[in-house]
Amino acid sequence: MERTTCLVVGGGPAGMVLGLLLARGGVEVTVLEKHGDFLRDFRGDTVHASTLNLLDELGLGPAFEQVPHQDVDKIEAMLDGGAKATIADLSRLPGPNKRIAMVPQWDFLDLLADAGKLEPTFTLRMNTEVTAITKSGNRVTGVKYRDRVDGHEGEITADLVVAADGRSSILRAAVELPVYSFGAPMDVWWFRLPRNENDPVKGGGGRFSAGSGLVLIPRGEYFQCAFLIRKGTDEAVRAEGVEKFRERVVTLVPWLADRVEHIRTIDDPKLLDVKLDRLRHWHVDGLLCIGDAAHAMSPVGGVGINLAVQDAVAAATVLARPLRDGKVTNATLAKVRGRRLFPTVVIQTMQRVVHRLFLGRRLNSTATVSSTGTPFVLKVSQKLPFLQAVPAYVIAIGPRPEHAPDFARRAPQTIARS
């Protein structure tokens, strides 16, 4: 029987940040990741301003700058005739990081893993898939796992298990925590198209028309493309075939016509089943949920990683000393939700408003690109540019940004990459 003080299930942004911070706080922590590496396409790749500020506080700013990334200081909408309108001007943000960094998530996670390896109480175990929880009475005491390389099965016990295993969390399902589900009007197809230096869109940009929308996110030599479809229409849209899909893309963004042949088959786009939900309670005795395991976010604003990372910082701040002292109670775990509930509700409410008043209407509309017009709010923000600071702050920093606790702060350092 293996044992650790805090067992974090899931090696995504929330799990890796929590593991690193707790280890810097002197807590023995083990992070379990079911895959053998972090290389997965079409995961959230946006590192927002508040996360960049956190990396600076952790002394990881110089190391992050060595990771290939693209900085975005404006979020734009594409209008008729090729014109653009700025939705959010990140240069108006307070603080040193007036940007969102677009970085492959695997590089971001590798950086956190390399930083964790410098801490003697940090352990990262790859290829370790959790199969069940273990309990003593009503208290969660650990997990059962299977090694995906050699098939070995075992158990790990812990003073606290943290579910950071995403929107399809098996731990969350195992303890049957009640959930508020808000629904969503769309699903998303993710795919890539080549990017040229003379393309009209430098930062992120979006375009919407009859029953669909397209968001372009710059990633060096390619765009990560998010094609929005009405909820539940994946099979119907695929049945139209790849030629029809290419036509839809070009109708939305005509200057992509010279590269849509890179969409080879209708199976190239990968489906994201969009969910928007929130647990009523984030914990049971011995187990805490954070990140998408506690609140699945819509892609609107690309804020999922930012919110998950801030959950992790709050959890480390609240839990480090009780974990060291062996005094983690249900009241302690409830403090994490109490600290993070307000920003979660604010962001999800914003997303629900966008779903209802904009995306839902556009995706169910029969209006063509040329007849949709420019939303009134967007017209006002172009005449009064200072208003562009509001969506910039909500998206890139968010309500109640978290800061690194004193025990986790370090002087700026470079990290040897493994």
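## A tour that starts at a bent helix

Start by selecting His 355, where helix H9 bends by about 45° (the bend is the angle between axes fitted to the seven residues ending at a residue and the seven starting there). Keep in mind that you are looking at a predicted model, where local features need pLDDT of at least 70 and side-chain atom pairs count only at pLDDT 80 or more, while totals for chains, interfaces and linings use all residues. Residues are numbered from 1 along each chain as its sequence is written, and side-chain values use heavy atoms, with hydrogens and water left out.

Now widen the selection to residues 330–363, the whole of H9. Its 34 residues put the end C-alpha atoms only 43 Å apart, short of the 50 Å a straight helix would reach at 1.5 Å a residue (the expected span is 1.5 Å times one less than the number of residues).

Next, hop to Trp 282, in the loop between strand S18 (277–279) and strand S19 (283–284). Helices (H or I, at least four residues) and strands (E, at least two) are DSSP runs, numbered from the N terminus. Is Trp 282 buried or exposed? Trp 282 is buried, at 0% relative accessibility (buried is under 20% relative accessible area, exposed over 50%, partly exposed in between, with a 1.4 Å probe and protein chains only).

Show what surrounds Trp 282: leaving aside neighbours within four places in sequence, its contacts include Leu 177, Cys 289, Asp 311, Arg 337, Arg 340 and Thr 344 (contact means heavy atoms within 4.5 Å). Click on Arg 337 too: its C-alpha atom is 6.3 Å from that of Trp 282, although the two are 55 residues apart along the chain.

On to the cysteines. Searching the whole structure turns up zero disulfides (pairs of cysteine sulfur atoms within 2.5 Å). Cys 6 is buried at 0% relative accessibility, and Cys 225 is buried with a relative accessible area of 0%.

Finally, zoom out. The protein has twelve helices and 20 strands. Its radius of gyration is 22 Å, close to the 22 Å from the globule rule for 418 residues, so the protein is as compact as a globular protein of that length (taken over C-alpha atoms; the rule is 2.2 Å times the number of residues to the power 0.38). Along the principal axes, the C-alpha atoms fill a box of roughly 65 × 45 × 40 Å. Colour by burial, and 54% of the 418 residues count as buried.
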